[in-house]
Amino acid sequence: MSHTIRRTADPARQEEFAGRMVEVLNDACLGYLCSLGHRTRLFDVMAGLPPSTSEEIADAAGLNERYAREWLGGVTVGGIVGYDPADGTYRLPPEHAASLCRAAGPDNLASFLQDLALIGLVEDEVVTAFRDGGGVPYSSYPKFQELQAEETARVYDAALVDVIIPLAPGLPELLGSGGGLDVLDVGTGQGHAVNLLARAFPASRFTGVDMSEGGIAAARAEAARLGLRNAHFDLADAAAVTGPYDLITAFDVIHDLARPAATLVAVAGALRDDGVFLMGDIAASSRLEENLDLPLGPTLYAFSVFYCMTTSLSEGGAGLGTVWGRQTALRMLKEAGFGEVAVREVEGDILNVYYVARKGS
């Protein structure tokens, strides 16, 4: 077969694609190195240092010098860190730090790269699902909620109160005035969004629900640390929520669910007639050909294969994955009873779009 391929392949295009695959291999490995740089805070430390030796960098970060030196070699040949061989010093350019450090907030892309190790843990199970069907259960992802909480917090801390909530006109004023509103967040995870809103709008009452005991425990602990008396968290199935609520939110969760259609119907039923459903979900099309130019297109499909789709299928669910794009989301919202839906984008949030939905014909 290999001889047949060689005879039919265009040599120039073959060489070009082989070069592309070398780039893929190098960049994949560089992604793991960047994950290490985030987790060990090496990027954060280097952003505050002048050109420094590996010994100075390791000392400032409280890390083993030998490991730091080898890591520095990798990110140097990968074009992330600058190196001066004359004095053996390394430097993280500020233009690079702006995409790699925690201080960058929503622009910190190094945080996403932690997911590479997470999905690598389940590769054998995903291969089995390819052969036998079914999926990989949520229990196989021990760090998922922790990583998800960190990634979404960057956006929520920067934009939830001042940018995302105002996507529904008049909503901040209603949350902050008079008797406030009754608010429900479905698939709340570790509850950071709920706690941010509860702190910003003390006149309103917030409830978060999730099926994860660990997530609910973390959410309650954060609310207690912040002294929030208007934030509550319950272990509950999103598809079984009841109301009434003035506002229901769902951030990056509906497409993961085993029963997304049932959940949207339940959400519509739990809303008061003049209520608002604010849903943030993946910024993609339901049509493959419209995703060819997405900046994070391969990333979205990889995350779907390794988490979103397969965890849903593991429960016998819909397994929407990237089939859940704008067209499917709008159709399912309409079928659930939402007659008025506006689609909005938030600057700096490259993964999600936001749907502001109200009931009615």
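Is Tyr141 buried or exposed? I looked this up first, and Tyr141 counts as buried because its relative accessibility is 3%. (Buried means under 20% relative accessible area, exposed means over 50%, and partly exposed is in between, with a 1.4 Å probe and protein chains only.)

**Before going on**

I'm working with a predicted model, where local features need pLDDT of at least 70, side-chain atom pairs count only at pLDDT 80 or more, and totals for chains, interfaces and linings use all residues. Residues are numbered from 1 along each chain as its sequence is written, and side-chain values use heavy atoms, with hydrogens and water left out.

**Entry: aromatic rings**

I searched the whole structure and got eight aromatic pairs. (Rings of Phe, Tyr and Trp, the last by its six-membered ring, pair if their centres lie within 6.5 Å; planes under 30 degrees apart are stacked, over 60 edge-to-face, and the rest tilted.) One of them is Tyr141 with Tyr307, an edge-to-face pair with 5.0 Å from centre to centre and 90° between the planes. These two come from distant parts of the chain, 166 residues apart: Tyr141 is in the loop between helix H8 (123-132) and helix H9 (144-164), while Tyr307 is in helix H14 (residues 297-314). (Helices are DSSP runs of H or I with at least four residues, strands are runs of E with at least two, and both are numbered from the N terminus.) Tyr307 has 10% relative accessibility, so Tyr307 counts as buried.

Next I noted Tyr156 and Phe251, a tilted pair with 5.5 Å between centres and 50° between planes. Tyr156 sits in helix H9 and Phe251 in strand S6, 95 residues apart, so this pair also links distant parts of the chain. Tyr156 counts as buried at 9% relative accessibility, and Phe251 counts as buried at 8%.

Which residues form one aromatic cluster? I wrote down Tyr138, Tyr141, Phe144 and Tyr307.

I also found Arg154 over the face of Phe112, at 4.7 Å from the ring centre. (A charge sits over a ring if NZ of Lys or CZ of Arg is within 6 Å of the ring centre and within 35 degrees of the ring normal.)

**Entry: the sheet**

What is the strand order in the open sheet of seven strands? I read S5-S4-S3-S6-S7-S9-S8, with mixed pairing. (Two strands pair if DSSP finds at least two bridges between them.) The edge strands are S5 (231-235) and S8 (338-344), each pairing on one side only. Neighbouring strands here are turned by 20° against each other on average, ignoring direction. (Axes are lines fitted to C-alpha atoms, for helices over the stretch in contact, and angles run from 0 to 180 degrees between N-to-C directions.)

A reminder to myself: strands of a sheet pair through backbone hydrogen bonds, either parallel or antiparallel. In this sheet, S3 (residues 182-186) and S6 (residues 245-251) pair in the parallel sense over three bridges. Leu184 has Ile248 in S6 as its bridge partner.

Helix H15 (residues 326-336) packs on the sheet and touches S7 (271-282), S8 and S9 (352-359). The direction of H15 makes about 150° with that of S8. (Contact means heavy atoms within 4.5 Å.)

**Entry: Leu174**

I found Leu174 in helix H10 (residues 171-176). Leu174 is partly exposed, because its relative accessible area is 48%. Leaving aside neighbours within four places in sequence, Leu174 is in contact with Gly180, Leu181 and Ser204. Ser204 is 30 residues from Leu174 in sequence, and their C-alpha atoms are 8.8 Å apart.

**Entry: cysteines**

How many disulfides are there? The count comes to zero. Cys29 is partly exposed at 43%, whereas Cys34 is buried at 5%.

Most residues other than glycine have a negative phi, and most peptide bonds are trans. I still found a cis peptide bond joining Gly243 and Pro244, with omega about 10°. Pro244 is in the loop between S5 and S6.

Arg41 isn't a glycine, yet has a positive phi of about 65°. Arg41 lies in the loop between helix H2 (11-39) and helix H3 (42-47), and counts as partly exposed at 44% relative accessibility. Asp252 isn't a glycine either, and its phi is positive at about 55°. I placed Asp252 in the loop between S6 and helix H13 (260-270).

Definitions and conventions
Disulfide = S-S within 2.5 Å.
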